[in-house]
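Good morning, and thank you for the time.

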Amino acid sequence: MKLHHMVISAMLVAAAPVVGQAQTPSTTSLYGSLAYADTTTFQDVNYGSVVGRLGARFGRFVGVEGELGLGVNGDKHFLNDTVVRDDLKRQLAGYVVGYAPLKPNLDLFARVGYGQTKSELDYSGAISGSYKDTATSWNYGLGVQYFLDGSNGVRLDYTHQNFDYDRNADVWSIGYTRRF
């Protein structure tokens with residue numbers, strides 16, 4: 001199945017509960033999350049980042065969230081006689097989120113969105129210099145969150161980023177989440 005077919009299917013699945021919610025009163029709740037994310041790119045480069053998310057959940061099944069990630073550690077590798085330092089500078093993304101509540105404090109979720117990633121390469125040795133890149137991506141993923149009480153919880157998620165030109169990245173994150 002092609003990526004755009006999977007994205008459209010995921011959006012339809014995420015939007016389906018909205019129809020059911022239209023007949024019942026819904027409540028909007030806000031949440032925030034702070035996490036550590038590990039990204040592996042198509043070139044097996046690893047980035048570490050701190051990710052902050054703010055979101056709104058409309059009823060039990062649908063929400064939206066915005067995400068900002070700042071790089072905290074990059075990857076170093078060698079290319080012939082040149083040392084290459086690859087750093088993530090920042091990531092921004094917005095998502096539509098579909099929830100499957102399993103218990104009052106346990107949710108599975110899927111999310112689909114669009115993002116922008118800024119990275120920088122610094123190289124020294126036989127060749128020296130730097131290169132900055134900003135790329136956009138369609139993102140989709142799955143996760144689980146468990147709330148220890150009514151407000152404080154733990155979140156684990158996986159997101160696949162599909163960039164132009166057959167580039168992609170896989171992102172795993174774990175962190176703290178809080179309902180407001």
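The structure holds two cavities of 30 Å³ or more. A cavity here is a set of points, on a 1 Å grid over the protein atoms alone, where a 1.4 Å probe fits but cannot get out, and its lining residues have an atom within 4 Å of a point. Grid points are joined across faces, edges and corners, and a volume is the space filled by probe spheres set on the points.

Before the details, a note on provenance. This is a predicted model, in which local features need pLDDT of at least 70 and side-chain atom pairs count only at pLDDT 80 or more, while totals for chains, interfaces and linings use all residues. Residues are numbered from 1 along each chain as its sequence is written, and side-chain values use heavy atoms, with hydrogens and water left out.

The largest cavity has a volume of about 70 Å³. Its lining includes Arg53, Glu67, Arg111 and Asp157. Two or more lining residues come from each of strand S2 (46-58), S5 and S8; strands are DSSP runs of E of at least two residues, helices are runs of H or I of at least four, and both are numbered from the N terminus. By class, this lining has four nonpolar, four polar and four charged residues. In that scheme Ala, Val, Leu, Ile, Met, Phe, Trp, Tyr, Cys and Pro count as nonpolar, Asp, Glu, Lys and Arg as charged, and the others, Gly among them, as polar.

The second largest cavity has a volume of about 40 Å³. Glu67, Gln91, Tyr95 and Gln161 are among the residues that line it. S5 gives the most to this lining, with four residues. The division is three nonpolar, seven polar and one charged.

Let me turn to the charged pairs. Side chains of opposite charge can pair when their charged atoms come close. The model holds 11 salt bridges, each being a side-chain nitrogen of Lys or Arg within 4 Å of a carboxyl oxygen of Asp or Glu. Arg111 and Glu65 meet in one of them, at 2.6 Å from N to O. Arg111 lies in strand S6 and Glu65 in strand S3 (residues 62-73), so the pair ties together parts that are 46 residues apart in sequence. Are these two residues buried or exposed? Arg111 is buried, at 2% relative accessible area, and Glu65 is buried too, at 5%; buried means under 20%, exposed over 50%, and partly exposed in between, with a 1.4 Å probe and protein chains only.

Glu65 also forms a salt bridge with Arg155, the closest N and O atoms being 2.9 Å apart. Because Arg155 lies in strand S8 and Glu65 in strand S3, this pair ties together parts that are 90 residues apart in sequence. Arg155 is likewise buried, at 3% relative accessibility. Through shared partners, salt bridges join Arg53, Glu65, Glu67, Arg111, Arg155 and Asp157 into one network.

Finally, the overall architecture. Of its 180 residues, 38% count as buried. On the surface, Ile174 in strand S9 is exposed, with a relative accessible area of 51%.

How values were computed. On a 1 Å grid over the protein atoms alone, a cavity is a set of points where a 1.4 Å probe fits but cannot get out, and a pocket is an open set with protein on both sides within 12 Å along at least five of seven lines; lining residues have an atom within 4 Å of a point.
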